[in-house]
Amino acid sequence: MGLPAQILHVYYKGLTLSVLDSDDKTALYTVNCRPLAFRIFSSDPSLESAPVASSSFHFVTTNVNLLLYNRAILLYREKTFTRSYTYVSPGAYSNENGSEKVLEQKMHWEAEDIMSGDFKLINPKGEVCAWFRNKVFSTTELGRFEIMESMEGREVEILLTGMAMLAMVQSGKFALMVIGGS
């Protein structure tokens, strides 16, 4: 396995989350939690203040409705007793014969092992596209997303789907922020 092309550090900042670049200083995104939802905003002051992505959780199912740049994505469990979540990625764009085509892929987040709290994002070929590295026992840092070269430019997709999965299966403090809102 190669080195990640990009690393996103996720920190608790009061009742929100702050997503920093690999230098651990440059703010990229802010995650605001509301009851049964969270929204991701760009930290770039030149961009409009509308969220770039959002989620909607449900009490009666393990499905999570996601919105990524106004495209709907469903994150769901394929099996009842699993810590694995699947979604159909809106994918990258392919330029064929002068026209852009979206390459959708069925992706899934799965636990690396039961004890670590680390997760990996797997593509249909079985390749790891991203990792979430849990910051065990930290009250200030949720962890970091390591994004492989094949997913460069799709960090918001990884952040959105990864955080939705984490709220459902692993992260106590973050899950409480999503359930109760901030």
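**Exposure and core in a predicted model**

Me: Why is V60 called exposed?
Reply: In this predicted model, the relative accessibility of V60 is 77%. The cut-off for exposed is over 50%, so V60 counts as exposed.

Me: Where does V60 lie in the chain?
Reply: V60 belongs to the loop that links β5 (53-57) with β6 (64-68).

Me: What makes up the nonpolar patch on the surface that includes V60?
Reply: The patch consists of F59, V60 and I179, whose accessible area together is about 390 Å².

Me: What makes L17, F38, I40, W109, L121, F145 and F174 stand out in the largest nonpolar core?
Reply: Of its 45 residues, these touch the most other members. Helix α1 (residues 155-169) supplies the largest share of this core, with 10 residues.

Me: Which residues is L121 in contact with, leaving aside neighbours within four places in sequence?
Reply: The partners of L121 include W109, M107, Y87, V128, M151 and I158. Contact requires heavy atoms within 4.5 Å, so each of these residues has a heavy atom within 4.5 Å of one in L121.

Me: How much of the protein chain counts as buried?
Reply: The share is 43% of the 182 residues. The accessible surface of the chain is about 9700 Å², and carbon and sulfur atoms hold 52% of that area.

Methods:
Residues are numbered from 1 along each chain as its sequence is written. This is a predicted model: local features need pLDDT of at least 70, side-chain atom pairs count only at pLDDT 80 or more; totals for chains, interfaces and linings use all residues. Side-chain values use heavy atoms; hydrogens and water are left out. A nonpolar core is a set of buried Ala, Val, Leu, Ile, Met, Phe, Trp, Tyr and Cys residues joined through side-chain atoms within 4.5 Å. Buried means under 20% relative accessible area, exposed over 50%, partly exposed in between (1.4 Å probe, protein chains only). Helices (H or I, at least four residues) and strands (E, at least two) are DSSP runs, numbered from the N terminus. Patches are made of residues with over 30% relative accessible area and no salt bridge: like charges are joined within 9 Å, nonpolar side chains (Val, Leu, Ile, Met, Phe, Trp, Tyr) within 5 Å. Accessible areas come from the Shrake-Rupley method with a 1.4 Å probe; for residues, only the protein chains shown count as cover. A salt bridge is a side-chain nitrogen of Lys or Arg within 4 Å of a carboxyl oxygen of Asp or Glu.
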